[in-house]
Amino acid sequence: MLSGFLLASVASAMTVTVSASLPEAPTDVRRYGVDTSSSVLVGMDALQDTFGVTALPLEEELFGGMEHAAEDDLHCYAYAHGGADFHDAALLGSEEAIDTRSDAAVLAEAEELFEALGLAPSGTVELVAVGVGAHTVSMVDNDGSDLGSWVAHQVAVFTQEIDGLPTFGPGAEASVVTQGEGVFASFSHAVRNLEDLGAADLLDASDAVSNYTDRVGEGRYSLLKLAIDGPESVEITDVSLGYYVPGNDGAVSELVPVWRLAGTVTAEDGTTGDVLWLEPALADTDIPQHAITAR
Amino acid sequence: MRTFIILTALFSATASAGSSSGGTWSTSADEGTAEIFVDSVEDYGGDSGSGDLSMCHDGSEAFRFFMSSWIFFSQTHYDTWRHFQDGLAWSSDFEKGGDDDIYNDAADFSYFSGHGNSWGTSFHGTSGDDFASSSEAQWGNNDVEFVALDACQVLSATGRPRVQKANVDQGVHYVLGFETNASDVSTTGTRYGYYLDVGYTVASAWIQATKDGHGSWAKGAYVRFASEDCNTVSDNARSWSCDPTSDSYTVYNVWTL
């Protein structure tokens with residue numbers, strides 16, 4: 001285990017230091033392909049039955065192929081690669097106050113919804129509760145004086161774990177947005193059927209940090225769109241291994257293991273900001289959703 | 001100097017390195033013409049600036065594509081657009097003391113994708129001071145109704161009051177963005193355009209698009225301006241309320257992604 005070292009003063013003016021403990025790469029990590037030959041976990045029939053949408057679904061080529069059933073403000077999406085979404089486009093934008101419920105009640109209702117939809121992942125994938133968020137609305141008058149605030153939605157959030165490892169990326173979480181008991185504004189998941197492709201030959205965390213440092217020298221150092229004037233140094237404070245799960249944007253053939261690097265960038269004037277990066281953990285797999293090629 | 005070849009036929013477009021355009025651009029408050037303005041910046045000059053990005057052009061182009069195409073249930077057809085990229089995207093495009101009235105504020109829907117913080121949005125242009133501060137905005141006094149800022153923190157707890165103060169009663173309906181950091185993904189622009197195209201309200205389209213591209217570590221946000229006569233809550237790409245230009249109140253909506 002390594003920690004607390006100056007990795008490099010890269011070709012540019014920026015320096016990269018690592019204060020994180022670098023974990024050993026596990027030896028039993030598997031490669032997982034996305035199996036699209038079997039039934040998806042949540043099909044269009046289940047979506048339509050559960051959310052009361054009777055319109056005929058249309059097949060569309062967008063987003064990797066999907067069925068889309070739309071009826072007034074209700075939209076059901078079932079993707080060929082395995083994810084699914086439901087939106088009530090009227091409720092989702094509502095700013096009306098709701099009577100909030102306990103986190104336990106919101107999470108329990110979401111789990112019941114998953115069960116009704118058939119969202120029951122295999123033993124490889126587990127859905128673990130993260131917590132309950134909110135849509136919070138506030139109002140100010142013409143002069144900017146406070147006129148009050150309230151909760152308009154509650155959001156139940158679950159994250160995927162694959163063989164006990166965390167997941168990263170837009171598809172990592174499944175969520176339910178609710179406006180009250182049994183009133184759903186949105187449901188989304190990107191849990192795929194997985195097939196074991198064999199053992200993964202992982203790059204070490206130190207290799208990942210070294211590759212990242214090279215990228216810093218080439219001009220990219222974060223996946224966050226944060227403006228920092230005159231960045232001088234990056235400190236990596238956390239390095240962890242997980243699987244990258246794309247959202248429901250397009251076809252996906254494999255869920256690739258990645259090293260997640262998190263830390264802080266410091267500018268000349270002392271301003272700091274967050275840094276986040278994903279480094280492929282396999283020498284032959286890219287992360288195209290972020291235009292990151294393997295090294 | 002930025003130049004365009006103006007084409008007037010439907011579906012016609014032209015592109016050169018760093019820019020694309022379609023239709024006949026009008027700089028007046030022409031409520032009858034559907035216009036889109038886009039600035040996207042990936043080239044920030046490497047690590048001497050805020051660091052380069054990689055997905056801003058893709059997301060912006062997808063937004064423009066969905067808004068300007070007849071697809072599926074679409075009744076939208078924003079066939080007039082201007083899209084500037086990298087060095088041709090200038091901070092002055094969004095500044096009242098610059099060319100806001102002939103670019104951002106000449107459109108109906110405006111979209112920026114690049115770096116930002118709670119003070120405003122960052123550029124790396126061949127002209128301008130490369131930072132459009134929220135306090136330099138005066139949006140809607142010409143034409144624009146909906147400004148989306150696909151960048152970090154512009155609508156943070158300290159950023160929202162700056163946006164509110166600069167733009168209240170000017171006529172803009174929504175300023176959409178993030179309270180927290182935002183990811184360099186194409187999803188936000190792509191889905192925002194798609195959802196608007198299939199009939200979602202502006203609020204719903206932005207809320208869901210931001211959720212689609214992020215995890216619950218982030219928060220999306222919008223600032224909505226409205227008045228007793230002009231209720232903007234149900235605005236969508238096909239129809240929207242009158243412009244709130246007097247005695248406006250402001251709604252802040254912040255959500256877990």
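Leaving out neighbours within four places in sequence, A:Tyr212 is in contact with A:Val16, A:Tyr221, A:Val234, A:Ile236, A:Leu261, A:Val275, A:Trp277 and A:Glu279. The model is a predicted one.

**Nonpolar cores**

A:Tyr212 belongs to the largest nonpolar core, a set of 120 residues. A:Tyr212 is among the residues with the most contacts inside that core, together with A:Leu47, A:Phe187, B:Phe109 and B:Tyr192. Domain 1 (5–31 + 199–290) and domain 2 (43–191) of chain A both give residues to this core, so the core lies between them. A second core, of 34 residues, is separate. Its members include A:Val140, B:Ala137, B:Val147 and B:Leu149. In soluble globular proteins, nonpolar side chains tend to be buried together.

**Two domains in chain A**

The domain assignment of chain A gives domain 1 as 5–31 + 199–290 and domain 2 as 43–191. Over C-alpha atoms, the centres of domain 1 and domain 2 of chain A are 29 Å apart. Domain 1 of chain A puts 19 residues into the contact, and domain 2 of chain A puts in 21 residues.

Between them, domain 1 and domain 2 of chain A bury about 1,400 Å². Carbon and sulfur atoms carry 66% of that area. Three residues, A:Tyr243, A:Val245 and A:Asn248, supply 48% of what domain 1 of chain A buries against domain 2 of chain A, more than any other three residues.

Polar links are present here too. The count between domain 1 and domain 2 of chain A is 7 residue pairs in polar contact, both residues at pLDDT 80 or more. For salt bridges across this interface, the rule finds 0. On the side of domain 1 of chain A that touches domain 2 of chain A, the elements giving two or more residues are β14 (231–244) and β16 (257–267) of chain A. β14(A) gives the largest share of that side, 5 residues.

**Chain A against chain B**

The contact between the chains takes 56 residues from chain A and 65 residues from chain B. The two interfaces can be set out by like values.

| Interface | Area buried | Share on carbon and sulfur atoms |
|---|---|---|
| Domain 1 of chain A and domain 2 of chain A | about 1,400 Å² | 66% |
| Chain A and chain B | about 4,700 Å² | 51% |

A:Glu95, A:Asn142 and A:Lys225 supply 17% of the area that chain A buries against chain B, more than any other three residues.

How many salt bridges are counted between chain A and chain B? The count is 4. In one salt bridge, the side chains of A:Lys225 and B:Asp150 meet at 3.2 Å, N to O. Residue pairs in polar contact between chain A and chain B number 35, with both residues at pLDDT 80 or more.

Several elements of chain A each supply at least two residues to the side that touches chain B. Among them are β4 (58–60), β5 (66–71), α2 (89–92), β9 (146–162) and α4 (205–218). β8(A) gives the largest share of that side, 9 residues.

**B:Glu42**

B:Glu42 sits in the loop between β3 (35–40) and α1 (56–68) of chain B. Is B:Glu42 buried or exposed? B:Glu42 counts as buried, because its relative accessibility is 15% and the cut-off for buried is under 20%.

Leaving aside neighbours within four places in sequence, B:Glu42 is in contact with B:Asp52, B:Leu53, B:Ser54, B:Met55, B:Cys56, B:His57, B:Asp58 and B:Asp86. B:Trp206 lies 164 residues from B:Glu42 in sequence and 22 Å away in space, C-alpha to C-alpha.

Terms used. Residues numbered from 1 in each chain as written. Chains lettered and ligands numbered in written order. Predicted model: local features only at pLDDT ≥ 70, side-chain atom pairs only at ≥ 80, totals over all residues. Heavy atoms only, no water. Core = buried A, V, L, I, M, F, W, Y, C linked by side-chain atoms within 4.5 Å. Buried < 20%, exposed > 50% of the residue type's maximum accessible area, 1.4 Å probe, protein only. Domains from an automatic or database assignment. Contact = heavy atoms within 4.5 Å. Buried area = accessible area lost by both parts, 1.4 Å probe. Polar contact = N/O pair within 3.5 Å; in protein donor to acceptor, adjacent residues only side chain to side chain. Helix = DSSP H or I, 4+ residues; strand = E, 2+ residues; numbered from the N terminus.
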